[in-house]
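Open the model in your viewer and get ready to select residues. Each stop tells you what to pick and what is there.

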Amino acid sequence: MDYLLSISTTGVIMGIIYALMALGLTLIYSILGIVNFAHGEFYMLGGYAAYLGLSALPGLHPLLIVPLAGLAGVLLGLIFELLFLRPIHQDRIDRPAEYAILVTFGLSFFFINLMLASLGPYPRRPPSFFSGTVDVGLMKISGDRLTASGFSLALVATLLVIINKTWIGKALRAVSQDKQAAAVVGIDALTMNSVAFAVGAGLAAVAGALLAPSFSVTPDVGAQPSIRSYIIIVLGGMGSIKGSILGGLIIGLVESLATGYFPDPTRALKYKTAFGLVIFMLVLLLRPRGLFGRKEE
Amino acid sequence: MSTKRRNQRSLPGGFPRQVLQWAAVAILVIIALLVPTFLESYGLHVMIIAFWYAVLSSSWSLLAGYAGQFSFAHVAFTAIGAYTTGMLGMHFDWPPLVGIVSGVLMAGVVGLAIGALVLRFKPAYLALFTIAFSEILRLLIRGEPQLTRGDHGLRLDPLLRLDVTSRVPHYYIMLAILVGCLFLMHWLVSSRIGLFLRAIREDEEAAAARGVDVVRYKVFAFAITSMIAGLAGAFYGHYTTILSPNMLVLTQMGLVMSMAIIGGVENLIAAAFGGILIQVGLELLREFGPWRLVIFGALLMIMLRFARNGLLTPLFRLLFDHGPQAEMQEGTGAAAEEAAPVAEEVTADGA
């Protein structure tokens, strides 16, 4: 029982961070109607931003670099959106669905190789937020991961407030529900697209900066978190904010429980992502709109 | 795009252009046959790998450019072909030739299954599903070293027990595979099947309404391109004699996609040349190290944004005034073409 409880706790702690990253993807999908296939690379760049920022400013507390890394993600996301995604919504691209997939995937290819070329394949690890571990039942959790999780929780809560209570949140929700009607009441969909993509990319960068001290950063580190985010948003229902938070927690729990109870522990770790992927394929095949997705039109 | 196509078809003449095309093909094949006389061993190795990429990029362009299925699992199918023959050789001592045939069949069977599963998916879901499939496969290969040797790498027998260092026979075999696959695919896309695939790509429901068996042709396209990828992979395995799960990383898929797109995703030959030229270009620019791929990534995005037909397709059009669509003269072709512009407007609103 104790074992189960401690495994579940670690699962939830990771799940919150997963949810943060998936939330960014959901925001982009619900406003722009596209899946950002470079989401993991914004995560990776966030990690590098934390590492580079802290090497440049050694006096800074490691936690303070996280918002800056997020800001870097926001800026990069904004530039990419303006250059490559805005034309979709100005009807200047034919076959927009495929274009969006390919161009975001192209961005991921570009970023991976850019970091590989400039910093090499070696893992980089920014300094810890807090050293030491915290006992959770039978398991020890590092202070870094707990900090990351707490920070994510606060950020998710802030986002929920912004989306539900503020004007810009209302405008975002309006665009996600009905572009034409939103335009009628004077909401500029193009601006909302940029806001959503920039914020979504920023959230991934924050997640990357938060987890960099725990897992270190390499140019290809984004693949696992981005695939995990795809799983989460499909499980939660594409475009559903509630779904991506719950989906994040579920995937955190599933990974942790499946790894904890898998008969062969050496293999269990290698299959950590695969457990989520199996859920993913089942959801896609049996209930493609996920837990809270809108019904396909 | 479809208006452009119609203009081309209405251009007068056809016979001299065809002669020109076949002459170009003949010259290229002769040059390709003579390559071993002026390239040394390492150059031949580069060409063999370039041909392998060309098979992958052209078959992916058949799947994506013609059938409209932007799969991210294409490299996974080449790995299925390679690992099937490799594992049969390691565990049961099957000879490479039997292994290659089994690899092709295995890729076909899995391709059939995946093709049937993703049939109804919208593009984003299809992309997500195929990424998941490819990633599960990679994790399985890494996670089951007693079957696949995992990260240690799976050793394969050299083909026909040839000396690994003798590049010339391998060069000709890979060239034959490339030319054979291109002929097969060219025949496919200029037959009624290709016509149906393009009709489905432009508007699935309109095509179905006109009596095209959408299910059959989409699944068929997925299976046949998977088999081609499997064949290329199986041969690649016996040529390099070592396989690792790294061949399945998504950046490999990204490379194949850039080759097809930079060449021209809606033209098989252009996509194949994209594969050859980029692989050779990467070799020539070796001194720039990883920055080469950065440039290709940027080029890929710019091409997508500003030149959807790729770099080579417009060049081909200029030379031969020829697209793969040039042969569309049958009645159904015209009908599907007429339906296409309407369909595009509808999808532009709905998607």
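Keep in mind that the model is predicted.

**Stop 1: helix 1 of chain A**

Select residues 2-32 of chain A. This is helix 1, with 31 residues. From its first C-alpha to its last it reaches 44 Å, close to the 45 Å expected at 1.5 Å a residue. Now step just past the end of the helix. There A:Gly33 takes a positive phi of about 70 degrees.

**Stop 2: A:Leu20 and the core**

Go back and pick A:Leu20. The largest nonpolar core has 207 residues, and A:Leu20 and A:Ala205 have the most contacts inside it. Which residues does A:Leu20 touch, not counting those up to four places away in sequence? They are A:Ser152, A:Leu155, A:Val156, A:Leu203, A:Val206 and A:Ala207.

**Stop 3: helix 5 of chain A**

Select residues 143-165 of chain A. Helix 5 has 23 residues, so at 1.5 Å a residue it should span 33 Å. Its end C-alpha atoms are 33 Å apart, which agrees. Now colour its buried residues: A:Asp144, A:Arg145, A:Ala148, A:Ser149, A:Phe151, A:Ser152, A:Leu155 and A:Val156. What do they pack against? Their partners in chain A are helix 1, helix 3 (65-89), strand 2 (139-142), helix 8 (189-215) and helix 10 (241-261).

**Stop 4: A:Leu253**

Move to helix 10 of chain A and pick A:Leu253, which lies in it. Is A:Leu253 buried or partly exposed? It has 18 other C-beta atoms within 10 Å. A buried residue needs 20 or more, and an exposed one has 12 or fewer. So A:Leu253 counts as partly exposed. Leaving aside neighbours within four places in sequence, A:Leu253 is in contact with A:Ser8, A:Gly11, A:Val12 and A:Gly15. Next, draw a distance from A:Leu253 to A:Gly276. The two are 23 residues apart along the chain, and their C-alpha atoms are separated by 10.0 Å.

**Stop 5: a pair of helices**

Select residues 223-236 and 272-286 of chain A. These are helix 9 and helix 12, which pack at an angle of about 35 degrees with their axes 9 Å apart. Helix 9 of chain A passes helix 12 of chain A in a left-handed crossing. Helix 9 contributes residues including A:Ile227 and A:Ile231, while those from helix 12 include A:Gly276 and A:Phe280. By class, this contact has 9 nonpolar, 3 polar and 1 charged residues.

**Stop 6: where the chains meet**

Show both chains. Their contact takes 36 residues from chain B and 37 residues from chain A. On the side of chain B that touches chain A, helix 6 (123-143), helix 12 (250-263), helix 14 (291-306) and helix 16 (331-350) each give two or more residues. Which of them gives the most? Helix 6 of chain B does, with 13 residues. That side of chain B has 26 nonpolar, 6 polar and 4 charged residues.

**Stop 7: chain B**

Chain B holds 16 helices and 2 strands. Of its 351 residues, 50% count as buried. Finish at B:Ser190, which lies in helix 8 (residues 167-190) of chain B. B:Ser190 is partly exposed, with 16 other C-beta atoms within 10 Å.

Conventions. Residues numbered from 1 in each chain as written. Chains lettered and ligands numbered in written order. Predicted model: local features only at pLDDT ≥ 70, side-chain atom pairs only at ≥ 80, totals over all residues. Helix = DSSP H or I, 4+ residues; strand = E, 2+ residues; numbered from the N terminus. Expected span 1.5 Å × (residues − 1). Contact = placed C-beta atoms within 7 Å. Nonpolar A, V, L, I, M, F, W, Y, C, P; charged D, E, K, R; others polar. Axes fitted to C-alpha atoms, helices over the stretch in contact; angles between N-to-C directions. Left-handed = near helix turned anticlockwise from the far one by under 90°. Core = buried A, V, L, I, M, F, W, Y, C linked by C-beta atoms within 7 Å.
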